[in-house]
Amino acid sequence: MQRTPYLWQCLSVACRSAGRIRLFHSRRLAAHQSKSSRSWKNFPFGRVGFALIGAGAIGYDGIVNDFTYAGSSVRFVRSVKTAVLIAIDYLGLDENDADYKTKIKALHQKSADRLLRTCLLNGGLYIKVGQGFAAINHILPIEYTSTLAKLQDECLTTSKADIQKVFRSDFGQLPEEMYKEFDYEPVAAASLAQVFKARLHSGEQVAVKVQYSDLQKRFISDVATIIFLQDIIELVFKDYNFGWIMNDLRKNLVQELNFVQEGQNAERCYRELQKLKYVVVPKIYWPQTKTRVLTMEWMEGIKIGDVPEIKKHKMSLVDIDMKLYNLFAEQIFHTGFVHADPHPGNIFVRKNAQNGSAEVVLLDHGLYEELPASVRGPLCEFWEATVLRDDAKMKAAAKRIDIVEYMKFAEVLFQQPIRMRSGPIKSKLSQEELEHIRKVARENFDVIMSTLKEMPRSMLFVIRNLNIVRSIGDMHGNVVNRPQVMARYAQRCLYDRNMRSPIQNLRWLCRRIYFEYCLWITSLRPIFMNYYLNFLYLIGRAPESAKTLMRDIMQQDKLEELH
């Protein structure tokens, strides 16, 4: 009987223990569930989701577009970073610093190196724009132009697989199937394409120009990035005046990407210059030509800028320059189909096999501009009136092509000061007077830039042509007076446009004689002025800087557009 209470006590203790155990486990389970719930709530679903979406988008872009859009984003970020770093450096420079001149030159070089690296990494259009800025060697600091000039020789080459990809896409065949021979080692590389040597099955040796495979896809985004950056630069630096040029070049860059159009340009150039027997244009092979591949006749020759090699082959620089100026004068004043990018690397010279005289070979025909008769006529009249110093006719002709600052327009065309201010000749010039003359020459640049903005867009490419041709003349030592050659051609085109009676022909002859007299006076004026300034220096009536004053003014007034 006494065992019963004891048993009941044991049973109650066991029940209470079991209850505590269940409570303990339930609490642990609840704690575990609560902890699991909290851990899931803290999981970064948003970040992981965005990462997965981004990875998926990049993967899709890689599979479908060969990373075109991802690459555009990288180039955009890289370009913005470069622009921001350069802007910060310049904004942090104090013009009142005693070492400002030294620091600004060092900063120019540092910024130019940054731009060079960015252009090379981005490739494509960035290289082409960089080459254009390198050509403005009378406007930009020498640190920029000399550094960016490396882009002419450091264009990136692509792989054999990339070339094959273009051919598969455009022709459905590989190069070795289309040609009897095809050398995958490029003989030339530019910003938009590479050139390869090949041989057709019919035996002709040809040059095959192949566009970079991703250039068409990345064109819109890269142009938009460059224009966006230029707009930002214009907001920060009020003296920057080149953004509008890029906007005008956009449609012409589209033209350069179409190699079928380039082939048609080459054939039209050949037809219209047939009367100039010394001009050579390569033949186009249409069955092997598409939008991104151009096959043309292989041309041997010497680059027109390689003066030592030209002299080695005993060719006359005077003969070459006369022919070069005349062929572009024919385009500007007569045919109206103007080569807008006659880069020295794309012009060869060679000896005629029969008579040994110089021939000019035009290789690249990607960029042309139509100059209508409504512009060519007034342009010829303006050129003649400028030589004759007839202000009224200059103003009237300029008005017909919507030019207001006609005198500055003349200086842009002739690339030299047109009107020397009259007044008594001084027997002594102070340093202050010389600095004032230089200041006036520098201030003319702003007027010239505004003149370029207001002129017809077709004229911009004429100016580009004239400036590149002038730079070739500089390479040759200016052995031919380019403005005189162009002026004579302009007046000849005026004569050809108007059939005249015998009396009118006599008047025209008198006008021609007076024209030649004015050309002679124009060419002598700077020479006499230079002698005069040097004479003042020699007799101690002018400072040493007088010796280079005329050269400095001439250089200041030369302009070179984007390459």
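Leaving aside its neighbours within four places in sequence, which residues is glutamate 256 in contact with? In this predicted model, glutamate 256 is in contact with Lys128, Leu192, Gly366 and Leu367. Glutamate 256 belongs to helix 10, which covers residues 243-256. Its relative accessible area is 7%. Buried means under 20%, so glutamate 256 counts as buried.

Helix 15 (residues 391-400) has buried and exposed residues. Met394, Ala397 and Ala398 are buried. These three cover an arc of only 100 degrees around the axis, and therefore they sit on the same side of helix 15. An α-helix has 3.6 residues a turn, so residues three or four places apart point the same way. On the other side of helix 15 are Ala392, Lys395 and Lys399, which are exposed. After helix 15 comes aspartate 402, with a positive phi near 65 degrees.

The last stop is a part of the surface. Phe76, Val77, Phe228 and Ile232 make a nonpolar surface patch of about 340 Å². Helix 3 (68-91) and helix 9 (215-236) are the elements that give two or more residues to this patch. Phenylalanine 76 lies in helix 3. Is phenylalanine 76 buried, partly exposed or exposed? Its relative accessibility is 33%, so phenylalanine 76 counts as partly exposed.

Definitions and conventions
Residues are numbered from 1 along each chain as its sequence is written. This is a predicted model: local features need pLDDT of at least 70, side-chain atom pairs count only at pLDDT 80 or more; totals for chains, interfaces and linings use all residues. Side-chain values use heavy atoms; hydrogens and water are left out. Patches are made of residues with over 30% relative accessible area and no salt bridge: like charges are joined within 9 Å, nonpolar side chains (Val, Leu, Ile, Met, Phe, Trp, Tyr) within 5 Å. Accessible areas come from the Shrake-Rupley method with a 1.4 Å probe; for residues, only the protein chains shown count as cover. A salt bridge is a side-chain nitrogen of Lys or Arg within 4 Å of a carboxyl oxygen of Asp or Glu. Helices (H or I, at least four residues) and strands (E, at least two) are DSSP runs, numbered from the N terminus. Buried means under 20% relative accessible area, exposed over 50%, partly exposed in between (1.4 Å probe, protein chains only). Contact means heavy atoms within 4.5 Å. The arc is that of the directions from the helix axis to the C-beta atoms.
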